[in-house]
Amino acid sequence: TAYEIKECDWSSDVCSSDLVPAMLKRLYYDTANSAYPQNLAALLTYVPETQILFGSDAPYYTFAENLEELSHVKLTQAQRDAIERDNALRLFPRLKA
């Protein structure tokens, strides 16, 4: 049977099932080894592009391989810029230097 969480107990990291989706929507996600059209299309229905960052999974999956896969995903230029660079700069402003 499926485990159903009934209430929040922050001391044991257990939360009610209705809080889990809201908590997941607050997270950031990356494209490491997952920059495929179907994956990103599904993720973009769940969170905005402002919560997706470029990831490489290097050395197992190279930057070039990740960029190649990401290039096949239908994104606006603004979405692509956000995922590939702008979101990281917003989260880590010291990278702008």
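The model is predicted, so local features need pLDDT of at least 70 and side-chain atom pairs count only at pLDDT 80 or more, while totals for chains, interfaces and linings use all residues. Residues are numbered from 1 along each chain as its sequence is written, and side-chain values use heavy atoms, with hydrogens and water left out.

**Overall layout**

Let us start with the secondary structure. The chain has four helices and two strands, arranged along the sequence as α-β-α-β-α-α. Here helices (H or I, at least four residues) and strands (E, at least two) are DSSP runs, numbered from the N terminus. Of the 97 residues, 24% are buried; buried means under 20% relative accessible area, exposed means over 50%, and partly exposed lies in between (1.4 Å probe, protein chains only). Accessible areas come from the Shrake-Rupley method with a 1.4 Å probe, and for residues only the protein chains shown count as cover. Among contacts (heavy atoms within 4.5 Å) with a separation of 6 or more, 47% join residues 24 or more positions apart.

**The core**

In soluble globular proteins, nonpolar side chains tend to be buried together. The largest nonpolar core in this chain has nine residues: Ala35, Leu40, Leu43, Val47, Ile52, Leu70, Val73, Leu75 and Ile83. Such a core is a set of buried Ala, Val, Leu, Ile, Met, Phe, Trp, Tyr and Cys residues joined through side-chain atoms within 4.5 Å. If residues up to four places away in sequence are not counted, Ile52 touches Tyr29, Thr31, Leu40, Leu43, Leu44, Val47, Ala82, Ile83 and Asn87.

**Asn66 and Ala32**

Asn66 sits in helix α3 (residues 63-71) and counts as buried because its relative accessibility is 0%. Beyond its neighbours within four places in sequence, Asn66 is in contact with Thr31, Ala32, Asn33, Ala35, Phe54, Gly55, Ser56, Asp57 and Tyr61. With neighbours within four places set aside, Ala32 contacts Gly55, Ser56, Asp57 and Asn66. Its C-alpha atom is 9.8 Å from that of Leu67, a residue 35 positions away along the chain.

**Salt bridges**

The structure holds two salt bridges, each defined as a side-chain nitrogen of Lys or Arg within 4 Å of a carboxyl oxygen of Asp or Glu.

| Pair | Closest N and O atoms |
|---|---|
| Arg80 and Glu84 | 3.9 Å |
| Asp86 and Arg85 | 3.9 Å |

Arg80 and Glu84 both lie in helix α4 (residues 77-91), four residues apart, or about one turn of the helix. Arg80 is buried because its relative accessibility is 15%, whereas Glu84, at 34%, is partly exposed. In the other pair, Asp86 is partly exposed at 36% relative accessible area, and Arg85 is exposed at 51%.

**A nonpolar patch**

Which residues make a nonpolar surface patch of about 290 Å²? Val20, Leu24, Leu27 and Tyr46 do. Patches are made of residues with over 30% relative accessible area and no salt bridge; like charges are joined within 9 Å, and nonpolar side chains (Val, Leu, Ile, Met, Phe, Trp, Tyr) within 5 Å. Leu24 lies in helix α1 (residues 19-24) and counts as partly exposed because its relative accessibility is 35%.
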